[in-house]
Amino acid sequence: MGWTGKLLNIHIAPEASYEMEELAEAELVAGRGLVGDRYYLGRGTYSPKLDCREVTLIEQEALDALVRDDPPMQGAAIKIQPFEHRRNLTVEGVPLNHLVGYRFSIGECILSGGRLNFPCRYLEQLLDRPVFLPLYNRSGLNCWIEKGGVIRPGDEIVPLNEVTSKPHR
Amino acid sequence: MSARIIMKLHVERRDQLDDDLVRIWLKHPLKPHLPAWSPGAHVDLRLEDGKIRQYSLTSDPQDLSRYAITVKRENDGRGGSSWIHEYLIEGVEARVSTPRNNFVLSETRSLLIAGGVGVTPLISMGQALNEKNLLYAFHFCSRRRQSNVERDLKNFCDSTLSTYVSDEPKSPRLDLVALIGSLPRDLHIYCCGPKRLMAEVKELTNDWNPKQIHFEFFSTEIDENYKPEPFNVIISSTGQTLRVPENHSILDMLRMAGHIIPSSCRQGVCGTCECVYRSGDVIHRDSVLSPDARQNRMMLCVSRARGSVTLDL
């Protein structure tokens with residue numbers, strides 16, 4: 001794969017259901033998550049479930065498609081702001097669905113794709129918008145952190161074209 | 001089921017309306033606008049110990065720069081209001097959910113009946129009705145005179161407001177029998193206040209269309225004679241069966257089995273854990289669902305079943 005993407009926004013929430021807070025930079029810790037985030041702290045909605053959720057990403061292009069009502073499945077256009085979708089990182093130019101099982105870098109950090117994120121009714125309830133169907137298959141990517149460090153909006157995201165040894169499906 | 005985002009708001013100001021009544025103004029520290037709400041809505045407030053209490057919004061729904069809640073100190077309550085009176089002072093952080101509305105106003109001519117602090121959801125409702133010339137009358141009963149609250153009400157419904165103060169011998173008494181007996185039958189009635197007041201309004205409107213009579217409960221009726229029995233819950237998507245013993249709720253058992261179910265009041269009044277059921281003989285013990293809604297919905301925190309119930313999960 002040959003592409004270069006960009007990190008647009010970083011968000012964390014201190015506990016399940018809490019409003020997401022935007023960060024100008026974040027520390028990624030391998031094996032845990034973003035410092036201060038509910039999944040780093042073990043306080044997320046899905047924390048009791050063993051799963052890959054150290055850091056979650058979503059494509060800005062998917063959010064742009066919802067604004068265009070594309071495809072027209074939910075009756076009307078839906079605007080979801082970066083602080084609303086509850087993924088940690090909003091990225092641009094990154095084909096997330098192709099990264100399951102692969103390593104890629106964000107700035108000085110290395111992530112690996114664990115599994116595609118699946119839209120949930122819980123998010124629909126929190127947003128009070130019908131996002132379940134339109135986010136199907138473009139709800140983002142749940143990742144492991146292989147090499148930690150500090151990331152900032154604007155950091156480049158590039159594929160490493162290496163298969164990860166981390167669990168993935 | 002309905003989960004809500006929790007916001008960290010700041011207490012901007014407190015107005016002491018009476019010895020035991022405080023209005024608390026809440027602002028978002030970063031965002032100029034809070035989520036929109038409709039008259040009658042409430043928010044969940046998280047207390048320091050993680051418990052949750054519901055309070056009606058008493059500000060103007062058109063002004064989203066701030067919310068206000070009005071809280072009466074209930075010394076024999078569950079502790080939430082005392083904590084709020086003591087610790088929710090200017091400048092501190094308050095953890096508040098986005099608004100939810102179980103007391104939705106119809107666009108039709110309506111009568112409002114408030115008792116004590118039950119006036120809180122009716123303030124914004126009265127204002128909205130008055131703006132549309134749909135406020136038939138506003139009756140407000142209280143033990144002591146609530147001059148500040150009355151002043152707020154008079155701002156928008158001076159000509160339709162009647163107040164009744166039980167501690168003042170010369171104050172008139174609300175004669176519900178005469179009032180309800182004289183009402184045009186196309187009115188909607190919204191009532192919030194002590195259980196006795198709501199029970200009387202319910203009794204006197206027994207022969208009305210139930211869709212015209214609306215109550216907002218802040219705690220549920222406890223039937224001391226009710227003896228919970230064990231029953232089964234079946235999860236429709238998987239066929240899994242869970243046994244609910246007499247000393248646990250459906251909510252408890254679902255959570256123990258790993259289901260992620262939002263809940264808030266655990267008293268059947270807030271509507272958070274509402275769930276669709278597909279079949280079963282449900283014993284509804286909540287104070288929030290309408291008779292129509294109860295045909296296929298139940299509140300998992302308090303309601304139970306005879307034999308078994310199949311949930312749409």
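**A guided look**

Author: Gladly; let us start with Asn161(A), which sits in strand E11 (residues 156–163) of chain A. Helices (H or I, at least four residues) and strands (E, at least two) are DSSP runs, numbered from the N terminus. This is a predicted model, in which local features need pLDDT of at least 70, side-chain atom pairs count only at pLDDT 80 or more, and totals for chains, interfaces and linings use all residues. Residues are numbered from 1 along each chain as its sequence is written, while chains are lettered from A and ligands numbered from 1 in the order in which they are written.

Reader: What is the phi of Asn161(A)?

Author: Most residues other than glycine have a negative phi, and most peptide bonds are trans. Asn161(A) has a positive phi, near 55°. Asp128(A), also not a glycine, has a positive phi of about 55°, and lies in the loop between helix H2 (121–127) and strand E9 (141–147) of chain A. As for the peptide bond, the one from Asp70(A) to Pro71(A) is cis, with omega near -5°.

Reader: Is Asn161(A) buried or exposed?

Author: A residue is buried if 20 or more other C-beta atoms lie within 10 Å of its own, exposed if 12 or fewer, and partly exposed in between, with C-beta atoms placed from the backbone. Asn161(A) has 10 other C-beta atoms within 10 Å, so it is exposed. Asp128(A) counts as partly exposed because it has 14 C-beta neighbours inside 10 Å.

Reader: Which domains does chain B have?

Author: Domain bounds come from an automatic or database domain assignment. For chain B it gives domain 1 (6–97), domain 2 (110–215) and domain 3 (231–311). The centres of domain 1 and domain 3 of chain B, taken over C-alpha atoms, are 29 Å apart.

Reader: How many residues are in the largest nonpolar core?

Author: A nonpolar core is a set of buried Ala, Val, Leu, Ile, Met, Phe, Trp, Tyr and Cys residues joined through C-beta atoms within 7 Å. The largest has 50 residues, and Leu112(B), Ala114(B), Leu122(B), Cys191(B) and Leu300(B) have the most contacts inside it. Helix H2 (residues 120–131) of chain B gives the largest share, five residues. This core lies between domain 2 (110–215) and domain 3 (231–311) of chain B, because both give residues to it. A second, separate core has 31 residues, including Ile5(B) and Ile69(B).

Reader: How do I read a sheet, and what is the strand order of the open sheet with parallel pairing?

Author: Two strands pair if DSSP finds at least two bridges between them. In chain B, five strands with parallel pairing form an open sheet in the order E9-E8-E7-E10-E11. Its edges are strand E9 (161–165) and strand E11 (213–215) of chain B, each of which pairs on one side only. Inside this sheet, strand E7 (residues 110–115) and strand E8 (residues 135–142) of chain B are joined in the parallel sense over six bridges, with Ser110(B) opposite Leu135(B) in E8(B).

Reader: Where does strand E2 (residues 21–27) of chain B pair, and in which sense?

Author: Strand E2 of chain B pairs with E5(B) in the antiparallel sense, over six bridges. Here Ile24(B) stands opposite Ile69(B) in E5(B). Five of the six residues of strand E5 (residues 67–72) of chain B are buried, so this strand is largely enclosed by the rest of the structure.
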